[in-house]
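Below is a short briefing for a reader new to this structure. Please look over the sequence and the model first.

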Amino acid sequence: MNQTNIWTEKYRPVTFDEMVGQQEILKRVKSLVQALNIPHLLFAGPAGTGKSTLALIVVKELFGDKWKENYLELNASDERGIDVVRQKVKDFARTKAIENIPFKVIFLDEADALTKEAQQALRRTMENYTNTCRFIMSCNYSSRIIDPIQSRCVIFRFKLLEKKDIKKRIDVITQNENLNLVEEGFNALYESSEGDCRRAINLLQATASISPDITQDMITMVSASAKPADIKVVLDYSLAGDFIGARDKLLDTMLKDSVSGTDIIKSIQKEIWNLQIEPSVKVRLTEKTGEAEFRMTEGSDEFVQLQALLASFVLAGRGEA
Amino acid sequence: MSLSEKYRAKKYQNLVKQDKAIEEVKTFLNQFPKKKKALILYGPAGTGKTSLALAAATENDLEILELNSSDLRNRSKLEETLRPATQQKALFKKGKILLMDEVDGVTGTDIGGISELVKLINLTSFPIIMTCNDVWQSKLSPVRQKSKLVEMKPLDLGTIISLLMKISEKEGFIKSPHFLKKIAIKSQGDLRAAINDLESYSQISESGAEIDITEKRDVQTSIFNILRRLFKERQDFLDLFDNSELSLDQILLWIEENIPKEYKNEALVKAYHALGNADRFRGRIYKNQHWRFLVYQNAFQSAGISYAKDNPLEGFTKYERPKRILKIWLNNQKIAKKKTIAKKYARLVHCSTKRIMRDFKMITPMIKQESVQRKLRMSDEEVAYVNNLR
């Protein structure tokens, strides 16, 4: 049994035609693959828009049944240090690819998680193995990839998937899995997916594990219960003047669900607009939040910056912000 | 021989003002090995820790086997010198005391030093006496649990003056009580420092000697004193952290923990803003190895914090040690299983472990399926963990 019952995998498109959205990109990549030669590729774009899927399709088209021997997938945000990446690349590139294609493919996911120094080292590695390996790299923002690497790659910019694109994939699943998803249910699904197809499918499967008849309420409920950080409680504590309470709650939330400081800031920024405070204060708090997010990129300890932000909320709670 | 060595107390009766500590040591040796097998003498420098250990040996006719922190204290060294010693009988006398001086000097380079010490305590058939200044550092925690703790307090002014007087008489140079008092004040309870100072003035006439009693020795300032000054006073404080044994980064954590105990509202915001600035410069140091920025980190986390308030503060505040690091550590223990599962799952679905950790609640129904658990080759414990999830 090769089928896994994880729908993001079971229903991952395996041909160009199955992919939704990104039509321009597909056309160009397809022509490259048909020529049996690809340059280094850089896929930039938000999560769940098809970057990994397209990389997998490329190698499957190139190598057919033999794709697994000719493909190495690395996730930069999980590998400890560039040395590990280099060693793995070296080991992988040592053996030759199959006869008609003179190279193997390395997919480096979330390449923007690498520091600038690591990217410099990676660039050397790319050059060293340029005869035997092609790199496909993915990132959320191409601006976080150093210029020398960008200039060695053909860059493809993935867009957020539109509602109709996500609908196409979801329809395939609901039919195959015999689900009953009403239109409002799909709308709620799309809303909370924010254009991230992986998220939409995961949410669909999590909800379907309760019942195959899926309503809007069920989607909303599952989506809310799976939300990692309940940041509102933290903000309520701060606005009520209980800084220490807010801080403890914040740390617990971050640790319990392994949420990064950046994700916390994102939730705070959204949550501000739901708070019961003066609209003008909301604007000022948004400014503070943006400032904190920026400072976070410079600092070394996200929690210090988050506490500074919470202190501003305490002041806002007293109408002094 | 320096005067401080010459006049080192050889017997219990020569040790002044440490009666309580002496009693504790006596009890320890009498009870050995029924209760604890090791004892830690702790207290500031020059209070007689090493002297007490040596006196205990003399009084009980025991041989002493001494190791200083200057000795290389790695695993192999400890094994070759101490292991056999703990089990052999002493050569000439009826027994032995193992003396480990300055255990707080066992640093990161002495790989396994602390854990070896713990093993040693478990194995030894002779009493072990250790000395150190700060017994409460976290790295000593495993040793602490195995040992009886005995505190030695700094000596009071009168005691030091009368000792200095006796020594100067015996050595044949007479100094006025006023002069000796100055030396005693300057020593801040450190008898060895006082005797050393006395020796340095022995050949100089009093009129020619200038003793600046404000010129203190570099006494280590405890973090609690640092915090008290930082939070209560309003000063530039650029050298406040110079005499702390803690690094700037460790101090930052202490400040972070305790700001809300002292500051409210406006001051709270300003203080965290300053701390945030300190952290930004620290980030730049880490990223670019630009160590010059250390001065900015220091300025923000000293003066920046002190001036966050408009007026000096009064009253007593009980400061607490930073809890965050401990919480993170405990949490890592707790989520270890979750992480190994997320790692396996991440490989399967072509995505990062971090993202799976974040979406763990969403994927819980997926990994509850038996087929998926088999596919992921989950261990029995992992399966149990997953099946217990709500």
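This is a predicted model: local features need pLDDT of at least 70, side-chain atom pairs count only at pLDDT 80 or more; totals for chains, interfaces and linings use all residues.

Residues are numbered from 1 along each chain as its sequence is written, while chains are lettered from A and ligands numbered from 1 in the order in which they are written.

**Helix H3 of chain A**
- Helices (H or I, at least four residues) and strands (E, at least two) are DSSP runs, numbered from the N terminus.
- H3(A), residues 51-63, has 13 residues.
- Of these 13 residues, 10 are buried (20 or more other C-beta atoms, placed from the backbone, within 10 Å of the residue's own).
- Among the buried residues are Lys51(A), Leu54(A), Val58(A) and Leu62(A).
- Their cover includes helix H2 (23-34) and strand S1 (40-44) of chain A.
- Just after H3(A), Gly64(A) has a positive phi of about 60°.

**Chain A with chain B**
- In chain A, 42 residues are in contact with 39 residues of chain B (C-beta atoms, placed from the backbone, within 7 Å).
- H15(A) gives the most to the side of chain A that touches chain B, with 9 residues.

**Helices H7 and H9 of chain B**
- H7(B) (residues 157-171) meets H9(B) (residues 191-201) through residues including Ile160(B) and Leu164(B) in H7(B), and Leu191(B) and Leu198(B) in H9(B).

How values were computed. The expected span of a helix is 1.5 Å times one less than its number of residues. A residue is buried if 20 or more other C-beta atoms lie within 10 Å of its own, exposed if 12 or fewer, and partly exposed in between; C-beta atoms are placed from the backbone. Two residues are in contact if their C-beta atoms, placed from the backbone, lie within 7 Å. Axes are lines fitted to C-alpha atoms, for helices over the stretch in contact, and angles run from 0 to 180 degrees between N-to-C directions.
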